[in-house]
Amino acid sequence: MARVVCLSDTVSLMRAVREEIAAWGHTLYPFPCSRLNDALRQAVRQASPDVILLELTGATDNPHIYFFLRADQFTRNVPVIFLSASPDLAMFAEALGANGSLRIPFERAMLRRVLGNYLDMPRVVDTPRIEVPRSTIQRYASLLQRPQLMTVAAPAW
């Protein structure tokens, strides 16, 4: 079971991530990303995450949290995935050296795919289709079309 830290101030984003992480059997540690203080630093260290999701918003200047994560010896090598609605997300992720990025809003399958690179995620596997010979299907269909013979004993009055 992996530990995922999500730094976000968006309730709907946190809810979507929580539902998916729980469905996979991993543990989510949600934290606000609007301010960086010693309590947040300690909490992230204690969570000892396997992956960190970091929301980048235009309202707050939260790339400083990314710099904290990379400067701290406990989280220096932990993969960080940026989440943002910004059209420049890919550019920010590449410029800062993030391990991945995911545009908001996202489909849950996309979150699963991105996190699957870093966590043991259940893979969606297509169920093999059983091929039934056409003759068998035709015989079965003809049996369904035959009139049913009912043998009911006449009442003895």
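Modeller: Two residues are in contact when heavy atoms lie within 4.5 Å. This is a predicted model, in which local features need pLDDT of at least 70, side-chain atom pairs count only at pLDDT 80 or more, and totals for chains, interfaces and linings use all residues. Residues are numbered from 1 along each chain as its sequence is written, and side-chain values use heavy atoms, with hydrogens and water left out.

Colleague: With neighbours within four places in sequence left aside, which residues is Leu56 in contact with?

Modeller: Asn62, Pro63, Phe82, Leu83, Ser84 and Phe92. Leu56 and Phe92 are 36 residues apart in sequence, yet their C-alpha atoms are 9.4 Å apart in space.

Colleague: Is Leu56 buried or exposed?

Modeller: Buried means under 20% relative accessible area, exposed over 50%, and partly exposed in between (1.4 Å probe, protein chains only). Leu56 has 9%, so Leu56 is buried.

Colleague: Which residues of helix H3 are buried?

Modeller: Helices (H or I, at least four residues) and strands (E, at least two) are DSSP runs, numbered from the N terminus. In H3, residues 63-71, the buried ones are Ile65, Tyr66, Phe68 and Leu69. They line one face of the helix, because seen down the axis they fall within an arc of 160°, taken from the directions from the helix axis to the C-beta atoms. Their packing partners are strands S1 (3-7), S3 (51-55) and S4 (80-84), with helices H2 (38-47) and H4 (89-96).

Colleague: How many disulfides does a search of the whole structure find?

Modeller: A disulfide is a pair of cysteine sulfur atoms within 2.5 Å. The search finds 0. The sulfur of Cys6 has its closest cysteine sulfur in Cys33, 8.3 Å away, which is too far for a bond. Cys6 is buried at 0% relative accessible area, and Cys33 is buried at 1%.

Colleague: How many salt bridges are there?

Modeller: Side chains of opposite charge can pair when their charged atoms come close. The rule asks for a side-chain nitrogen of Lys or Arg within 4 Å of a carboxyl oxygen of Asp or Glu. The count is 6.

Colleague: Which parts does the pair of Asp50 and Arg3 tie together?

Modeller: Asp50 and Arg3 form a salt bridge, with closest N and O atoms 3.9 Å apart. Asp50 lies in the loop between H2 and S3 and Arg3 in strand S1, so the pair ties together parts 47 residues apart in sequence.

Colleague: Which residues do shared partners join into one network?

Modeller: Arg108 and Glu19 meet at 2.4 Å, N to O. Glu20 forms a salt bridge with Arg112, at 3.8 Å; Glu20 is in helix H1 and Arg112 in helix H5, 92 residues apart. Salt bridges that share partners join Glu19, Glu20, Arg108 and Arg112 into one network.
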